[in-house]
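Biologist: Thanks for sitting down with me. Could we go through the structure together, with the cut-offs spelled out as we go?

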Amino acid sequence: MSFDIFVCRFENGEPAPLDMSAAHEVLAPYVVARDPRTNLLHVRTAEMEEADVFFSSPDSITFNRFGGGGIMDLLAVLLRRLDAVLVVPGGPTMIQRDEDRDLLPAALRDEWTVIVARTGAEIDRAIRAS
């Protein structure tokens, strides 16, 4: 898919920093190319599924040109490890647990669909349904 989705973390309705060291650790086995000037990683799973991953800011990681079950599984692992949520512009915000809803900014919590999606398959279904 060629649109952006965002891995973010929130505390008390405000953006919170992600553990970028942990993010790099999760993604490292899948990195096939990197551009340090743009903070871009190109990742590929064993199933040959690919994604561009941008370390956009201390509180956001952007996935672009992604697809396939392997990438969605990798994304699910990343979300769990970072205690993060997945924001799909124009679509749902995906959280790991119901109680995470209270951590979101009011605009995401009240004006957009928020769903619990813990696995790559659940994330994939939610994106495709939006």
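Biologist: How many residues lie between β6 and β7 in their hairpin?
Modeller: Strands are DSSP runs of E with at least two residues, helices are runs of H or I with at least four, and both are numbered from the N terminus. Two strands pair if DSSP finds at least two bridges between them. β6 and β7 form a hairpin, and the number of residues between them is 2.

Biologist: What kind of model is this, and which pLDDT do side-chain atom pairs need?
Modeller: Residues are numbered from 1 along each chain as its sequence is written, and side-chain values use heavy atoms, with hydrogens and water left out. This is a predicted model in which totals for chains, interfaces and linings use all residues, local features need pLDDT of at least 70, and side-chain atom pairs count only at pLDDT 80 or more.

Biologist: In which sense do β5 and β6 pair?
Modeller: β5 covers residues 40-44 and β6 covers residues 50-57. Leucine 40 stands opposite phenylalanine 54 in β6. With 5 bridges between β5 and β6, the sense is antiparallel.

Biologist: Which residue in the hairpin of β5 and β6 takes a positive phi?
Modeller: That hairpin has 5 residues between the strands. The phi in question is near 70°, and the residue is methionine 48.

Biologist: Which residue in β7 is the bridge partner of aspartate 52?
Modeller: β7 spans residues 60-64 and pairs with β6 in the antiparallel sense over 4 bridges. The partner of aspartate 52 in β7 is asparagine 64.

Biologist: Why is the pair of phenylalanine 3 and phenylalanine 66 called edge-to-face?
Modeller: Rings of Phe, Tyr and Trp (its six-membered ring) pair if their centres lie within 6.5 Å; planes under 30 degrees apart are stacked, over 60 edge-to-face, and the rest tilted. The whole structure has 1 aromatic pair. Its ring centres, in phenylalanine 3 and phenylalanine 66, are 5.4 Å apart, and the pair is edge-to-face because the planes stand at 75°.

Biologist: Is phenylalanine 66 buried or exposed?
Modeller: Buried means under 20% relative accessible area, exposed over 50%, and partly exposed in between (1.4 Å probe, protein chains only). Phenylalanine 3 is partly exposed at 32%. Phenylalanine 66 has 1%, so its class is buried.

Biologist: Which side chain makes a polar contact of 2.7 Å with that of serine 57?
Modeller: A polar contact is a pair of N or O atoms within 3.5 Å; within protein, one must be able to donate a hydrogen and the other to accept it, and residues adjacent in sequence count only if both atoms are side-chain atoms. Serine 57 is found in β6 and is partly exposed at 26%. Its contact partner is aspartate 59.
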